[in-house]
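Visitor: I would like to learn how to read a few features in a protein model. Could you walk me through one, please?

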Amino acid sequence: MASPIWQPFTQMKAAPPPFTVVRGEGIWLELADGRRLLDCISSWWVTLHGHAHPALAETLYQQAQTLEHVIFAGFTHAPAEQLARKVLNHLPSELTRVFFSDNGSTAVEVALKMAYQYWRNQGEQRQVFLGFEGGYHGDTLGAMAIGQGSSWWQPFQPLMFTTELVPFPATFEGDLEVETKEGQVLDHLTRLLKQNGDRYAGIFIEPLVQGAGGMRICRPQFLQSLAKLVRQFDLLLIYDEVMTGFGRTGELFACLKSKTVPDLICLSKGLSGGCLPLAVTVATEQIYQAFYSDDPAQTFYHGHSYTGNPLACATGVTSLTLLEENPQAYQGLEAQHQSYLDQLRDHPLVEQIRVCGTIAAFEVKTDSANGYFNVIAPILKTRFLEEGLLLRPLGNTLYLMPPYCITPAELESVYQIIRRVLDSI
Ligand SMILES: *Cc1c(COP(=O)(O)O)cnc(C)c1O
């Protein structure tokens with residue numbers, strides 16, 4: 001019988017049957033038919049230390065025998081306390097309060113609700129959120145509303161609350177226009193804020209790299225100017241580091257790399273090292289204090305059944321320890337990407353190369369328009385699978401986001417295969 005499973009982000013009528021994975025080890029996935037695939041995208045951008053990592057497996061085993069789950073309102077436990085402190089140790093000191101949830105979308109919903117209620121608790125009605133074109137913040141309704149640049153969600157448009165999106169100053173190697181683009185975005189934002197500053201609760205951005213929007217990169221300088229502007233007009237700066245967190249940009253967090261401080265930061269994907277669903281939204285003391293009150297109406301009424309799950313928190317502690325013990329693993333990948341990209345720099349089908357830490361991306365030139373629905377995506381995906389690589393181009397954007405345990409020789413072989421595939425199409 002065909003599988004009863006309805007797969008995510010998949011048109012079931014057109015899709016070939018999914019691959020059954022029986023085992024993972026490091027960068028490798030082993031399929032039921034015996035083939036091995038090199039996971040070049042860390043599964044859905046979550047696997048930091050490789051699959052079936054022994055230290056994470058041991059942590060899970062120990063924690064499962066101790067405390068698998070407990071209600072998180074009125075109760076706490078060591079894994080959550082340790083993880084909260086460990087995360088805070090690495091974030092700017094202004095960020096002091098950690099709110100747990102289960103995935104990137106919920107981390108964003110929490111940030112949305114916190115930002116909105118932050119103003120409300122102080123007697124201000126600020127209802128509109130700002131965001132960036134091409135932004136992606138998750139698939140729940142609130143997260144969709146601030147990422148509605150995506151054409152996937154056209155049918156849901158009438159259900160979404162109002163947001164205002166400004167262009168994202170995406171840049172790449174050899175981009176001569178970058179300062180002009182950044183200046184235009186900042187001018188545009190300044191105009192909006194001057195006209196109607198007190199309508200806006202906050203502005204959401206994926207700092208340094210927009211993920212699902214096509215691995216679009218902006219400069220740290222832009223984030224610095226943005227942060228300055230946001231301070232000047234007194235709205236909240238909200239960083240969605242669900243993807244960029246935990247070393248992806250070459251430093252532990254994009255806020256550290258850009259030397260900027262948000263009011264709220266959303267973390268998920270790499271938080272548990274890719275083991276279990278887990279997320280946090282971290283707030284500044286100033287935000288927390290706006291909820292700290294004798295009035296029950298000022299409470300943040302939000303929580304999920306699995307909030308602060310001990311198994312997930314325990315793997316989070318171990319994962320962060322692994323990152324602390326070996327920062328070279330994520331810091332070193334940028335130079336490797338840069339060096340192996342030399343094989344592609346002169347390729348006639350390759351343009352707009354960009355690298356940010358562990359992430360490398362470029363556009364594949366085609367006769368059709370750039371974007372998610374470019375027909376080259378399924379063709380490339382199939383060709384790479386034939387060659388043993390798990391790559392999932394976003395339209396004609398090809399990107400690499402490997403687990404940090406990939407060796408230089410393995411990464412070089414990935415680039416060689418990409419070159420071969422591009423030569424063949
Ligand atoms: C993946 C992602 C989300 C959503 O996370 P889920 O765990 O899939 O809900 C939100 N923001 C960004 C930047 C992401 O990359």
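Guide: Gladly; let us begin with one residue. Glu 363 is found in strand β14, residues 359–364. Helices (H or I, at least four residues) and strands (E, at least two) are DSSP runs, numbered from the N terminus. As for the basis, this is a predicted model, where local features need pLDDT of at least 70, side-chain atom pairs count only at pLDDT 80 or more, and totals for chains, interfaces and linings use all residues. Residues are numbered from 1 along each chain as its sequence is written, and side-chain values use heavy atoms, with hydrogens and water left out.

Visitor: Is Glu 363 buried or exposed?

Guide: Buried means under 20% relative accessible area, exposed over 50%, and partly exposed in between (1.4 Å probe, protein chains only). Glu 363 has 7% relative accessibility, so it counts as buried.

Visitor: Which residues is Glu 363 in contact with?

Guide: Contact means heavy atoms within 4.5 Å. Leaving aside neighbours within four places in sequence, the partners of Glu 363 include Leu 349, Val 350, Arg 354, Asn 370 and Thr 397. With the side chain of Thr 397, the Glu 363 side chain makes a polar contact at 3.0 Å. A polar contact is a pair of N or O atoms within 3.5 Å; within protein, one must be able to donate a hydrogen and the other to accept it, and residues adjacent in sequence count only if both atoms are side-chain atoms.

Visitor: What do the side chains of Arg 354 and Glu 363 form?

Guide: A salt bridge, that is, a side-chain nitrogen of Lys or Arg within 4 Å of a carboxyl oxygen of Asp or Glu. Here the N to O distance between Arg 354 and Glu 363 is 2.8 Å. Arg 354 counts as buried too, at 6% relative accessibility. Elsewhere, salt bridges that share partners join Arg 383, Glu 386, Glu 387 and Arg 420 into one network.

Visitor: How many salt bridges does the structure hold?

Guide: There are 21 of them. One of them pairs Lys 86 with Glu 324, with the closest N and O atoms 2.8 Å apart. Lys 86 lies in helix α3 (residues 78–90) and Glu 324 in helix α10 (residues 310–325), so this pair ties together parts that are 238 residues apart in sequence. Lys 86 is buried at 16% relative accessible area, while Glu 324 is partly exposed at 34%.

Visitor: Which parts does the pair of Arg 231 and Asp 263 tie together?

Guide: Their side chains meet in a salt bridge of 3.1 Å, N to O. Arg 231 is in helix α7 (residues 220–233) and Asp 263 in the loop between α8 (254–257) and β11 (264–267), so the parts tied together are 32 residues apart in sequence. Arg 231 is partly exposed at 40% relative accessibility, and Asp 263 is buried at 9%.

Visitor: Let us turn to the ligand. Which residues are around the ligand?

Guide: A residue is near a molecule if one of its heavy atoms lies within 4 Å of it. Among those around the ligand are Trp 45, Asn 103, Ser 105, Tyr 136, Glu 206, Asp 240 and Lys 269. By class, the shell has 4 nonpolar, 5 polar and 3 charged residues. In this scheme Ala, Val, Leu, Ile, Met, Phe, Trp, Tyr, Cys and Pro count as nonpolar, Asp, Glu, Lys and Arg as charged, and the others, Gly among them, as polar.

Visitor: Where do polar atoms of the protein lie relative to a nitrogen atom of the ligand?

Guide: A polar side-chain atom of Asp 240 is 2.7 Å from a ligand nitrogen, and a polar backbone atom of Tyr 136 is 3.5 Å from a ligand nitrogen. On the oxygen side, a ligand oxygen lies 2.6 Å from an N or O atom in the Ser 105 side chain. The protein covers 84% of the 380 Å² of accessible area that the ligand has on its own, with areas from the Shrake-Rupley method and a 1.4 Å probe; for residues, only the protein chains shown count as cover.

Visitor: Where is the place of Asn 103?

Guide: Asn 103 sits in the loop between β4 (95–101) and α4 (104–120). The Asn 103 side chain reaches the backbone nitrogen of Ser 105 at 3.0 Å, and Asn 103 is partly exposed, at 31% relative accessible area.
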